[in-house]
Number of protein chains: 2
Amino acid sequence: MPNLTLEDIAKQAGVSRSTVSRVVNNNPNVNENVRKHVQDVIITTGYHPNPAARSLASQRSWMIGLVLPRSVSNFFIDPYFPRLTQGVALACNQYNYTLGLFLVETKEDEKRIFPRISRKGLLDGILLQTAPMSDNFIDSLVESDFPVVVAGRPFNNHDVSYIDVDNINAANQAVHHLIRLGYTRIATITGRMNSTAGIDRLEGYRKAIREQGWDVDDGLIAEGDFSEKSGYSAMQHLLPLKPDAVFVASDTMAFGAIRAVQEAGLHVPNDISFIGFDDLPIAAQSDVKLTTVRQPIVQFGARAVETLIDLIDNGTKPTRRIIMDTELVIRDSCGALQKYVDKTKLENVNNYGSALIY
Amino acid sequence: MPNLTLEDIAKQAGVSRSTVSRVVNNNPNVNENVRKHVQDVIITTGYHPNPAARSLASQRSWMIGLVLPRSVSNFFIDPYFPRLTQGVALACNQYNYTLGLFLVETKEDEKRIFPRISRKGLLDGILLQTAPMSDNFIDSLVESDFPVVVAGRPFNNHDVSYIDVDNINAANQAVHHLIRLGYTRIATITGRMNSTAGIDRLEGYRKAIREQGWDVDDGLIAEGDFSEKSGYSAMQHLLPLKPDAVFVASDTMAFGAIRAVQEAGLHVPNDISFIGFDDLPIAAQSDVKLTTVRQPIVQFGARAVETLIDLIDNGTKPTRRIIMDTELVIRDSCGALQKYVDKTKLENVNNYGSALIY
DNA sequence: GTGAAAGCGCTAACAG
DNA sequence: CTGTTAGCGCTTTCAC
């Protein structure tokens with residue numbers, strides 16, 4: 001079967017090209033009987049409009065791009081980006097958008113990809129993962145008024161739309177949870193300090209410590225890079241300082257840290273308690289069930305797409321800022337379930353933010 | 001800066017639209033001086049051709065689609081698909097193709113996506129992950145002569161190009177490795193039996209047992225579904241049968257199985273040995289370092305893209321079949337390193353296929 | 001080696 | 001409500 005055109009359908013239905021176009025695009029200005037008839041022809045022939053022609057004529061491609069810059073694409077092994085991608089992809093299905101995926105690994109890739117996508121014709125809009133290197137790109141997009149939503153707070157104060165989770169507040173709540181459980185030497189393992197997520201989670205930790213009236217002890221802050229390995233070695237640095245609890249900026253690092261604790265012959269949560277960040281699927285299944293901050297990643301992706309479509313349809317100004325809430329998921333690693341077997345009391349402990357007990 | 005067109009460049013360069021087009025497309029029939037001049041204008045103005053117009057005129061979109069059907073998109077949490085996607089994306093960068101990502105989750109998605117992509121205009125070719133449900137789709141693609149490469153052997157004998165790893169041989173080697181180490185009650189935990197990977201890995205297990213002159217004991221075959229949980233419960237079924245070694249069809253399941261063993265108070269590999277499949281990053285970092293079959297996933301994705309481009313450029317017939325080799329990675333869980341501290345002897349044990357010792 | 005001209009298949013005024 | 005017409009920005013014969 002050759003590829004049918006509007007013209008073919010028009011002929012077969014005995015109407016003009018425009019009418020068929022109207023039917024295809026659900027334009028209300030069509031007689032109901034005519035519409036029915038044309039729809040029949042479309043269905044029986046299996047006609048589908050040519051996207052390229054449609055793009056060219058309407059100046060809309062119904063395609064958006066998800067751009068994951070160099071520094072994060074290595075992390076594609078990390079479950080975060082796949083799940084984000086999943087949320088984005090499913091939202092695209094829902095809104096009838098095609099998703100273009102751009103992993104920018106090398107400077108080469110950057111040179112080839114950026115000009116292609118930042119010009120009208122291929123994409124209607126861009127979803128850009130925040131990253132240290134992406135600032136220049138953000139600037140040029142903002143300047144050209146191209147619809148763009150940044151996933152994660154960008155570094156500089158671009159006047160750009162973005163969506164993020166409330167990292168500061170999430171970390172703050174997690175640390176307050178540890179404080180209420182009675183821990184007094186609370187350490188933290190941070191994410192990369194060149195990521196806003198890393199920076200904000202540390203800030204939340206600091207804030208909680210200060211709010212408790214304590215001094216922040218920089219010795220209890222160990223820097224990681226979100227990897228299991230970095231969690232492991234950060235914990236090795238912390239162990240001699242004898243913290244009784246650790247807030248870790250990602251589950252992956254938390255598992256590394258717990259490994260270090262166990263290798264040292266200590267037990268979680270009896271000797272040291274942990275709270276992670278992400279709520280990966282393994283967090284609930286692992287040896288030590290992890291208390292952690294759940295990010296609504298999939299919904300986050302969906303929300304990002306919706307915001308982008310809003311920008312495409314209604315203009316990029318004013319810029320939108322979406323901050324999504326997180327949830328503290330209480331399991332074994334923080335020791336709460338041991339201290340408060342009576343869940344009523346536990347609820348009481350959690351009289352801040354939203355918390356779940358599994 | 002408004003979006004420039006060929007016409008604009010032509011005017012500025014004092015030549016015709018055709019000439020600029022030739023320069024852009026590296027057509028040799030252009031005077032060298034003219035070419036230089038036009039290129040200068042293109043660079044200084046920052047011109048980039050409009051992809052939609054180009055697609056429409058040339059009937060090529062320079063875009064390929066990666067289609068992950070319903071039954072696998074749930075598994076997007078599994079590291080396999082993200083890494084496959086990564087390999088595909090990077091290869092697309094390299095060959096200047098745009099990658100469209102299609103996660104088919106619901107029947108709805110299917111209805112919306114398939115007509116859009118199986119018609120010329122949006123994609124030049126499709127990379128389709130094999131799955132139980134995809135057979136119909138494969139048939140219609142094959143029939144319409146649309147360029148398609150299936151990732152993983154499809155179920156039926158479609159005359160379609162596909163790329164797969166040699167699952168039978170990989171499993172066979174792994175089980176032979178266990179046999180040579182002296183184990184005599186070798187069980188297996190299979191993948192989904194509605195996936196060709198699951199079927200083939202079981203076949204490789206059976207073949208090795210038979211080659212050893214043993215009878216296959218169906219009681220020692222426990223079915224899983226590639227998830228951690230299913231590995232755990234499959235192992236619980238196997239434990240009473242006292243196997244001394246288990247070949248598991250995925251690392252994820254192997255970790256579940258090991259968890260079951262440890263909860264039963266037994267030790268790996270002292271009491272029971274394991275070989276997994278995939279070589280996930282955690283395989284080398286976990287508590288018990290996993291002996292496993294390494295799949296070259298990223299290269300697999302790249303190779304798939306190259307094959308697809310070959311089909312696009314040179315026609316879909318004859319169909320191509322690419323089978324990629326795997327590698328047995330020997331670590332702690334199979335007990336080889338304990339039995340053969342002397343690596344020379346170990347090399348000797350591995351005088352089949354390719355094996356690595358970490 | 002270069003330019004003119006005819007589409008690619010669709011959308012979107014505009015006229016009726 | 002419907003058809004005619006003029007493009008969208010590019011590639012690709014076809015003359016010269």
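This is a predicted model: local features need pLDDT of at least 70, side-chain atom pairs count only at pLDDT 80 or more; totals for chains, interfaces and linings use all residues.

Colleague: Understood. At what angle do the axes of α11 and α12 of chain A cross?
Modeller: Helix α11 (residues 228-238) and helix α12 (residues 251-263) of chain A cross at roughly 45°, and their axes come within 6 Å. Angles from 65 to 115 degrees count as roughly perpendicular and those under 35 as roughly parallel, so α11(A) is oblique to α12(A).

Colleague: Is that crossing left-handed or right-handed?
Modeller: The crossing of α11(A) and α12(A) is right-handed. On the α11(A) side, the contact includes A:Gly231, A:Tyr232, A:Ala234 and A:Met235. On the α12(A) side, the residues include A:Phe255, A:Gly256, A:Ala257 and A:Ala260.

Colleague: Which residues touch the most other members of the largest nonpolar core?
Modeller: A:Ala257 and B:Ala257 do, in a core of 181 residues.

Colleague: And what does A:Ala257 touch, leaving out residues up to four places away in sequence?
Modeller: A:Ala257 touches A:Ile189, A:Gly231, A:Tyr232, A:Ala234, A:Met235, A:Val246, A:Val248 and A:Phe274. Another core, of seven residues, lies apart from the largest one, and A:Val20, A:Val23, A:Val38 and A:Tyr47 are among its members.

Colleague: Let us step back. How many helices and strands does chain A have?
Modeller: Chain A has 15 helices and 13 strands. Its C-alpha trace spans about 80 × 45 × 35 Å along the principal axes. Of the 358 residues in chain A, 50% are buried. Among contacts in this chain between residues at least 6 apart in sequence, 67% join residues at least 24 apart.

Colleague: What domains is chain A divided into?
Modeller: Domain 1 covers 6-58, domain 2 covers 63-165 + 298-324, and domain 3 covers 167-295 + 327-349. The centres of domain 1 and domain 2 of chain A, taken over C-alpha atoms, are separated by 33 Å.

Colleague: Turning to the contact between the chains, how many residues does each of chain A and chain B contribute?
Modeller: Chain A contributes 38 residues and chain B contributes 38 residues. On the side of chain A, α4 (51-58), α6 (80-94), β2 (98-103) and α7 (107-117) each supply at least two residues.

Colleague: Which element gives the most to that side of chain A?
Modeller: That is α6(A), with six residues.

Colleague: Now chain B. How far apart are the axes of α9 and α10 there?
Modeller: The axes of α9 (residues 167-180) and α10 (residues 196-211) of chain B are 7 Å apart, and the helices pack at an angle of about 40°. The two helices are therefore oblique to each other, and their crossing is right-handed. Among the residues of α9(B) in this contact are B:Ala171, B:Val175 and B:Ile179, while those of α10(B) include B:Gly204, B:Tyr205 and B:Ala208.

Colleague: Where does B:Ala336 lie?
Modeller: B:Ala336 lies in helix α14 (residues 336-339) of chain B. Because 20 or more other C-beta atoms within 10 Å make a residue buried, B:Ala336 is buried, with 25. B:Ala336 and B:Arg180 are 156 residues apart in sequence and 9.5 Å apart in space, C-alpha to C-alpha.

Colleague: What about phi of A:Asn96?
Modeller: A:Asn96 has a positive phi of about 60°, although it is not a glycine. A:Asn96 is in the loop between α6 and β2 of chain A.

Colleague: Is A:Asn96 buried or exposed?
Modeller: A:Asn96 is exposed, with 10 other C-beta atoms within 10 Å. B:Asp279 also has a positive phi, near 60°, but B:Asp279 counts as buried, with 24 C-beta neighbours inside 10 Å. B:Asp279 is in the loop between β9 (273-278) and β10 (291-294) of chain B.

Notes. Residues are numbered from 1 along each chain as its sequence is written. Chains are lettered from A and ligands numbered from 1 in the order in which they are written. A nonpolar core is a set of buried Ala, Val, Leu, Ile, Met, Phe, Trp, Tyr and Cys residues joined through C-beta atoms within 7 Å. A residue is buried if 20 or more other C-beta atoms lie within 10 Å of its own, exposed if 12 or fewer, and partly exposed in between; C-beta atoms are placed from the backbone. Two residues are in contact if their C-beta atoms, placed from the backbone, lie within 7 Å. Domain bounds come from an automatic or database domain assignment. Axes are lines fitted to C-alpha atoms, for helices over the stretch in contact, and angles run from 0 to 180 degrees between N-to-C directions. Helices (H or I, at least four residues) and strands (E, at least two) are DSSP runs, numbered from the N terminus. Angles under 35 degrees count as roughly parallel, over 145 as roughly antiparallel, 65 to 115 as roughly perpendicular and the rest as oblique. A crossing is left-handed if the near helix is turned anticlockwise from the far one by less than a right angle, and right-handed if clockwise.
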